[in-house]
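I opened the notebook today with rings, charges and strands on my list. Here is what I looked up, entry by entry.

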Amino acid sequence: MSLREAENVISATDLVEKLKRDSFDAGNLIIANGDDLKIIPLRPNAKKLYLEVTTGCNFNCTTCIRHSWLDGTGQMEWATFNNLVEQLDDFKQLETVHFGGFGEPLSHPRALDMLETLAKKKLNLEMITNGSLLSEDIIRRLLALGMEKIYVSLDGPDDQEYNQIREGADFKQVYSNLKLLKQIKAERGLDKPVLNIEFVAMKSNYRRLPDLVRLLPDIGAEELLVTNVLPYHESMADEILYDREESELFDLHQIWAMMRARIPQMKLRTERRCKFVEDKAMVVNWQGKVNPCYAMMHTYDCYIYGRKKTFYQHSFGNINTDRLKNIWTDPDYAYFRQQVKEFRFPSCTDCSAAGCSPDNHTDCWGNSLSCSDCLWSRGLIVCP
C-alpha cells in the first residue's frame with residue numbers, strides 16, 4: 001500500500017464520527033445503533049403545543065396530582081406568554097394549541113386574553129376545563145374565537161358521584177353551564193367548539209358511566225374520552241381497574257352506539273407508544289419550562305399497581321432563557337424523542353423485579369431519564 005493510499009484509509013469509528021460532524025453541520029443528528037445509522041433532522045417540526053398557564057384550581061379533587069406533588073401553585077406571567085407567542089413563528093408546521101396541564105386554565109386572570117392572542121395565529125385551539133367557570137360571557141368570548149374543542153371533566157352523572165370526587169364542585173352548576181354552551185351554539189348556528197367529556201374511571205364510579213352517557217346528548221357532547229385513574233396518593237391505590245377485560249367493565253356496544261368514544265386499555269400489552277412523541281407535541285409549563293410530556297411536567301409520587309414511584313420534573317430548556325426552536329432542535333432532546341419513539345427502555349411495569357427503579361431518573365438499562373414505567377404509553381392513562 002502506498003503512503004497516499006494509507007492516508008485515505010479511515011476506520012469505521014472515525015467514519016461515523018465524521019458523518020456525525022458533517023450531518024450536525026447540515027442540521028441533522030446521526031445516531032449509531034450497532035451497524036445501523038439513523039439520520040434525525042433537527043427541524044422545528046412540532047405540530048402540537050400543550051400549554052399550562054396555571055397550576056391553580058378552584059376544585060380539590062380526590063384524584064388530583066396536587067395531593068402528591070412537591071411543586072407549588074403558580075400562574076404564567078404575561079411576559080412569558082408573549083415570549084412564547086413570538087417564538088411560535090419559528091414552527092411553520094404547528095397546527096394545534098391545547099390549553100391544559102395540571103390546573104384550571106380559566107382560573108388564570110388573563111386566560112381569555114391568551115386564547116384571543118393565539119387565535120390570531122390561525123391555530124386550532126383546544127382547552128380542557130372543569131366547566132365551573134363557563135359563564136355566559138366566557139362562553140360567548142370562546143365561541144368568537146372559533147375554538148375547535150372543549151374537554152370537560154365529568155366523573156359522575158349526578159351530585160352524589162361527582163361532588164364526592166370533586167371537592168368544592170357543584171354538578172348542577174357545571175351541567176347548567178354546558179347546557180348553556182349548547183344553547184348559545186345552536187342560537188348562533190355553530191358546530192364548534194366540539195364538546196368532549198372526559199371520565200376518570202375508578203372502582204367507585206365506573207358502574208355509573210352508562211348513566212353519564214345517557215345524559216350527554218342533553219348537553220350536546222359529541223365525544224367521550226375515558227381514562228383510568230393514576231393514583232397520586234396511597235388512599236387511591238385500590239381504585240385502579242387495570243387487568244380486567246374492557247367488556248367486563250363497560251357495555252362498549254351501548255357506549256359506541258350513542259357517541260364516539262375513546263376507551264383506555266385495561267390490560268398491559270406489549271406495544272408501547274408515546275402520544276406526545278408520535279404527535280410531535282411539545283409541552284410548556286407555567287414557568288416556561290419545556291417538558292417532554294405530562295408525566296414529566298412536575299415532581300410527584302404515584303402508585304404503579306400499588307408500587308410507589310417518584311416522577312421528577314424534567315425539562316430540556318426554558319423559553320425565557322433560550323428560544324423554543326433551539327430547545328426543540330437540541331440534539332439531546334431530539335435523541336430522547338427518538339429513544340422514546342423506539343421505546344428503548346425496560347418494561348418495569350410488568351417486570352418480576354418491579355421496584356428496582358424507584359424513580360424516573362434511572363432504570364436497569366442505564367438510562368438517566370427513563371420512560372420505563374409510563375402508563376400513558378401503555379394506553380391505560382389517556383389524555384386529549
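I looked up Tyr294 and found that it counts as buried, at 7% relative accessibility. My labels are buried for under 20% relative accessible area, exposed for over 50% and partly exposed in between, using a 1.4 Å probe and protein chains only. This is a predicted model, where local features need pLDDT of at least 70 and side-chain atom pairs count only at pLDDT 80 or more, while totals for chains, interfaces and linings use all residues. Residues are numbered from 1 along each chain as its sequence is written, and side-chain values use heavy atoms, with hydrogens and water left out.

Next I searched the whole structure for aromatic pairs and got 14. Rings of Phe, Tyr and Trp (its six-membered ring) pair if their centres lie within 6.5 Å; planes under 30 degrees apart are stacked, over 60 edge-to-face, and the rest tilted. One of the pairs is Phe102 with Tyr294, tilted, with 5.5 Å centre to centre and 50° between the planes. Phe102 lies in the loop between strand S5 (96-99) and helix H4 (111-119), and Tyr294 in the loop between strands S13 (290-291) and S14 (300-304), so this pair ties together parts 192 residues apart in sequence. Helices (H or I, at least four residues) and strands (E, at least two) are DSSP runs, numbered from the N terminus. Phe102 is buried too, at 15% relative accessibility. I also noted one aromatic cluster formed by Tyr50, Phe102, Phe276 and Tyr294.

Then I turned to Arg337. Its charged end sits over the ring of Trp328, 3.7 Å from the centre, and Arg337 also lies over the face of Tyr333, at 4.5 Å from the ring centre. The rule I used asks for NZ of Lys or CZ of Arg within 6 Å of the ring centre and within 35 degrees of the ring normal.

My last stop was the sheet. What order do its strands have? I read S11-S10-S9-S7-S6-S5-S3-S12-S13, an open sheet of 9 strands with mixed pairing. Two strands pair if DSSP finds at least two bridges between them. The edge strands are S11 (260-262) and S13, each pairing on one side only. S10 and S11 run parallel and are joined by 3 bridges, and Leu225 stands opposite Arg262 in S11.
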